[in-house]
Amino acid sequence: MSKFRFLSRIIRWMVVAFFGSTILAVVLLRFIPVYFTPLMFIRCAEQIKDGESIKMHHHWVPLDKISPHLPVAVMASEDQRFLLHHGFDYKAIEKAVEHNMLSKKKRGASTISQQTAKNVFLWPGRSWIRKGFEVYFTTLIELMWSKQRIMEVYLNSIEMGPGIYGAQAVAEDNFGKDAVDLFRGECALIAATLPNPLKFSSKDPSGYMLKRKRQIEQQMKFIPSFPKEGEDIDPSTSAGGVYRNMR
């Protein structure tokens with residue numbers, strides 16, 4: 001067998017192994033709680049490197065054990081068209097590109113689906129390779145998971161403070177209660193920290209954070225209640241009409 005044929009066979013098997021293992025992982029995580037993410041391990045390594053004690057507070061809870069205000073708050077803050085798009089908000093991308101061409105302060109357009117894919121399957125970073133993987137995994141979870149499952153995984157895995165991951169952990173650490181008992185304003189405050197949870201705190205909010213909280217609460221008035229599994233938003237309904245007005 002020539003070296004070229006041998007190499008091509010290895011590459012073929014690597015491609016098959018990659019697609020097979022990643023699709024299997026996405027299928028399994030449709031049903032299995034996500035107890036750890038790459039970011040959690042990376043943060044632990046950073047803490048050790050900095051000579052700090054390891055802190056990793058994470059407690060998985062199902063979506064019905066999280067305040068119904070929290071999905072609405074994160075949609076208002078991060079992705080108002082989450083229930084309408086299929087992983088990528090092209091209108092938001094368009095606006096971000098236009099903004100970034102005119103302003104030095106860059107604006108992103110990552111959806112909740114993209115952030116979930118990044119949190120669960122990938123590492124932090126801005127390389128084109130990582131972005132390509134993000135697109136791939138976002139497409140997979142949008143095809144194989146419901147919007148409810150994507151939101152459930154997102155709210156359980158996202159970083160919400162130093163060593164704090166997910167709704168239950170931030171509720172316990174910062175508010176002394178369970179995630180299901182979080183008030184509307186507390187959910188808005190948590191959502192306000194998400195652009196940079198290592199810098200912004202929902203436990204000791206700055207004036208800027210309180211201002212962001214009020215803005216998110218205003219936007220929450222235009223976001224319909226998050227549907228339960230099996231329920232969909234029909235664009236012809238009043239909720240869909242609200243979304244049309246927000247485009």
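**Helix packing and the nonpolar core**

In the predicted model, Ser-113, Gln-114, Thr-116, Ala-117, Lys-118 and Phe-121 of helix α5 are in contact (heavy atoms within 4.5 Å) with Arg-130, Lys-131, Glu-134, Phe-137, Thr-138, Ile-141 and Glu-142 of helix α6. The residues of this contact comprise 4 nonpolar, 4 polar and 5 charged. Here Ala, Val, Leu, Ile, Met, Phe, Trp, Tyr, Cys and Pro count as nonpolar, Asp, Glu, Lys and Arg as charged, and the others, Gly among them, as polar. Helix α5 spans residues 112-121 and α6 residues 128-144; their axes lie 8 Å apart, at an angle of about 110°. Axes are lines fitted to C-alpha atoms, for helices over the stretch in contact, and angles run from 0 to 180 degrees between N-to-C directions. Helix α5 is therefore roughly perpendicular to α6 (65 to 115 degrees).

The model is predicted: local features need pLDDT of at least 70, side-chain atom pairs count only at pLDDT 80 or more, and totals for chains, interfaces and linings use all residues. Residues are numbered from 1 along each chain as its sequence is written, and side-chain values use heavy atoms, leaving out hydrogens and water.

The protein has 11 helices and 3 strands. These are DSSP runs numbered from the N terminus, helices being H or I of at least four residues and strands E of at least two. Of its 247 residues, 45% are buried (under 20% relative accessible area, 1.4 Å probe, protein chains only).

The largest nonpolar core holds 53 residues. Such a core is a set of buried Ala, Val, Leu, Ile, Met, Phe, Trp, Tyr and Cys residues joined through side-chain atoms within 4.5 Å. Val-74, Phe-121 and Met-151 touch the most other members. Helices supplying at least two residues each include α3 (69-78), α7 (147-157) and α10 (207-220). Beyond its neighbours within four places in sequence, Met-151 contacts Leu-63, Pro-71, Val-74, Met-75, Phe-82, Ile-112 and Phe-226. Met-151 is one of the buried residues of α7.

Pro-205 sits in the loop between α9 and α10. Its relative accessibility is 28%, so Pro-205 counts as partly exposed (between the buried limit of 20% and the exposed limit of 50%). Leaving aside neighbours within four places in sequence, Pro-205 contacts Leu-189 and Leu-210. Pro-205 and Ala-192 are 13 residues apart in sequence and 9.6 Å apart in space, C-alpha to C-alpha.

Technical notes
Angles under 35 degrees count as roughly parallel, over 145 as roughly antiparallel, 65 to 115 as roughly perpendicular and the rest as oblique.
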